[in-house]
Amino acid sequence: MFWTLVEQVLNGIVSGSVYAIVAVGMTMIFGVLRAINFAHGEYYMLGAFGAWVAVEYIDLPYPAAVVIGILVTALIALAVGWLIMQRIVGATAETGVLATLGVALVLQNAVIFIFGGSYKYFNGGYIEPVTIFGFMLAEQRVLIIIVCVLVFLALEAMVKLTWAGKAMRAVSQNPLCCEVVGIDVGKVVLQTFALGACLAALSGALTAPVNVTVYGGMGEIITFKTLPIIIMGGLGNVRGTFFAAMILGVAESLVATYIGLQYRDTVGFATLMLVLMWRPHGLFSTRARF
Amino acid sequence: MAFHIHRRSLLAMAGIAGAAAVVGPARAHRAEDGTIRIGLVAPMSGPNARYGSFSLRGAQLAAKEINDAGGVGGRKITIIPGDSQGTPTEGVSALRRLIERDKVDYVIGDVTSGVTLALQPIAEEANVLLLNAASSNPTITYRAGKGGMKWTYRNYPTDEVRALVVLKYAAEQRKLTKFSVLSVDSDYGRGAIAFTKKYLPRFNASIVTEDYYKEGEVDFRSVLAKIRDSGAQGILMYGLADTTPIIARQMIETGVAGKLPLIGNGEFNAEVTIKAAPRALEGAIEAAAWLPAWDNPRSKAFVAKFAAEYRESANNHAYVHWETTHLLAKGVAAAGSVDRLKVRDALSSIKYESAMGEVTFDDHNQARLPMVLLQIENGAPSIKGAVSGEIEYPRT
Amino acid sequence: MSTVARNGRDLRLPFVAVLAALAASLPWLLGSYELHAVIVALTFLLPAYGLNLLVGYTGLLSLAQAAFFGIGAYVTALLAIHFQTPFIVNLLASGLIAGLIAFPLGVPALRLRATSFVMCTLGFVIIGQAIAKNWISVTRGDMGLESIPRPSFPLGPFSFTVSTTTGFYYLSLVIAAVATLAVWLIVRSPAGRNMVAIRENETLAESLGVPAWRYKIIVFMIGAAFGGLGGALHAHYLTVVTPLTFQMQYSTTMLVIVLGGGPGTISGVIFGSFLFVGLSEALRVAPELRMIAYGLCLLAIVFRFPRGFAPLIDRAWRWIGGER
């Protein structure tokens, strides 16, 4: 009984790390843009698809395919950021919602148009299972957990120590003042957006081997999984997002174990509602952005 | 600014209005060139496009084959797609457009049962033949044919017979009596399990855990660990083709593979699936309406052509739409006319030689489909018998 | 009005008369497919009105409309199938129940700030679908409720049943007209002005004695009721209700209609409803590019007309009125 619980909590952490990498990008974008990015899951899809193309069409080894996936996404994100996201700065929340919905439709269906809507099999990655302290999981999942921790350490360091990170924090707190002191808000927004999209792409490319199939519409589910996490984590809060992702992963795992898998998708929102009733600003204060 | 209107904005508005006005004119003419127009309603955008895409490609391949062979009585076939996005509202819009604008006489569709149920009354009203090839909700045929809706035909199995045969084999040949359920959360997954439950007492079998996964779900570790510790001897799975390899791989991860076989339906036999996780699929039992490895020249030719044409391997959705298009063409040929009523009557009495065997329709316009029971042995499907039986319709 | 530069006679009344005549004669002008698209637009107009009261007048961005649309559809389906109730009963019951369910949902949700509120409302849709899927004894789960009877009006000797597309068009038109009148009465009332005050500055509105919270919960319930009405109409039209009715796509469609059309106006939302349904249908000419083009149009509209089409409509209206 007790070991079941331990195992399922660990399972939850394994899935939580996937959510964490996607969600942190979204929360950073929210920080600087104040816009819910309904297209965020699409960058996850682009990362996975980019890697798939690299493996299938160019015969690249998996690590190179991950890099290609991220690079392709970065280029697309820069274009989207330059054309669309920069214009959202200072616009109403409604504009942000409509624009990102539009971007999601375009990206998703452009991939379907180019590669066909069917699901594709992803070959690559390290899928052999390993046993760590009696707990079995695919090597790829170990890699995901390690990358997740590294990403968060790097992000913490970046926003605390580098100029670019400090600028992001500044813009997320007060874009107007940033203009006054000479920070190029548009540039910071573009950088943050591209970084967030790349993190989503990284997550997509890393999970593709364990998720086996990739398809154009795969991002939508991720978007809706990520939304409750970033709210729970306190919008724009990097550390909070990490813990919120883990909480969601564990809660989902426990629901699948003790209640039923069919209720899994509701867990995120049910948890969110409970959390919000108790703490209307999320578990982790939004005051401490990044 | 916002209240100040430039000519440019007026022009932009006119442009959008113009796009909307396309709704108005542009009426298609009923095929004067004698082409047979077949509408295909399926999800072609958004997440559900991953199923609709195979449907369209299957049907288009069939049309190409038929046309290359000279068409039906000299008439060519065109497949006209209509996007349903997997929602009833969009599906109805697509069907109405196909009927009125594109002047189709026959429609194949949809994949999602909820959409098909909404299409049925529209086809009925317009007297257009609706040939379903991928929805498993039993209600669709309960209310077709003798049930009232004369224009709906279904060339896709009802899961009652399938559920019974699979359960019988698992219980009698493999001596499995305790099952965990891990099916897709749809009318197909839930319906097949409901039928299975009906027959459990007959084999002294029981269900120990019951879980349904949402379409697009990718994380099964928790539920598989639960199943592993539940004392079940097999996993009853009526699932989706693209999810089976994901589950199979996580069965290896969680140590379920090799202990609990998969039992049910979900393209367990596909080469790609087995390749993804050979250890998990070994010993799997499946009742399939078709399998790529089926030893039949037409089937083999289809698999080869599909792979050559589209650079991907055919799946069940592709096959059923390919076969259904051929079936419809045969129906038109048998009727000797494109008259819908004659084609409908021809379908009711057709004896169609499919790649799997003879297909006929019962008085509920439901196809009696030959199915096979197979078991995965040494990484390849091995045929264990035929699946047959009449459907019991509820008395109303 | 004397200070307004005039360029001609006031043609507003004849214009409205022409519009009304056009609406009445539409079944003769359009084929059944086009009429169907109009029916869909009129149906979507109802939840869009509800959402407009929330987002356009009170400033609450909500994605819950599909949840109430679904509740309305299920209520109607269950009543019509099990009790053969007349259409008007189904319609009103759906609106009422959707509105009542909104109360316990709104109480905690409305305490939240903008983005958290949006997510909470999004959760209603996802949880609603889970209930529809799993409460099998009532909803039949994924099997859905099918063969919903055509709308019936048992009026003694004048009893009739709406069974044709044309009939359904007139039914939708009447309901949409009544709904328009209701929304117009709400927004023109002092309550409507208080709602706008809350949207513009909630704290200021409260300091002026507007009970903001009570307003918000009531508007949320009214918005939900409109969603329920739409669901009821749609269920009768499609004759089938499945868990697919609880779908994010419906919520985003409503949001696009309101925000793209012109939040905070009635004419903008009507225009938006016809524009976006029409656009989506018109783009079927290029099936493979359809949703890409739709997304691009959405982007173009957002940035070209950030306040929707309301200002344009307003200007056109004044032009028809003879102002320069």
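Reply: β11(B) and strand β12 (residues 357–361) of chain B pair in the antiparallel sense over three bridges. Two strands pair if DSSP finds at least two bridges between them; strands (E, at least two residues) and helices (H or I, at least four) are DSSP runs, numbered from the N terminus. This is a predicted model, in which local features need pLDDT of at least 70, side-chain atom pairs count only at pLDDT 80 or more, and totals for chains, interfaces and linings use all residues. Residues are numbered from 1 along each chain as its sequence is written, while chains are lettered from A and ligands numbered from 1 in the order in which they are written.

Me: Which residue of β12(B) is the bridge partner of B:Ser354?

Reply: Strands of a sheet pair through backbone hydrogen bonds, either parallel or antiparallel. For β11(B) and β12(B) the sense is antiparallel. The bridge partner of B:Ser354 in β12(B) is B:Gly357.

Me: Which are the edge strands of the sheet in chain B?

Reply: The open sheet has three strands in the order β11-β12-β13 (chain B), with antiparallel pairing. An edge strand here pairs on one side only, and that holds for β11 (352–354) and β13 (367–368) of chain B.

Me: Which element gives the most to the side of chain C that touches chain A?

Reply: The contact (C-beta atoms, placed from the backbone, within 7 Å) takes 35 residues from chain C and 32 residues from chain A. Elements giving two or more residues on the chain C side are α5 (114–134), α11 (248–261) and α13 (290–304). With 13 residues, the one that gives the most is α5(C).

Technical notes: Two residues are in contact if their C-beta atoms, placed from the backbone, lie within 7 Å.
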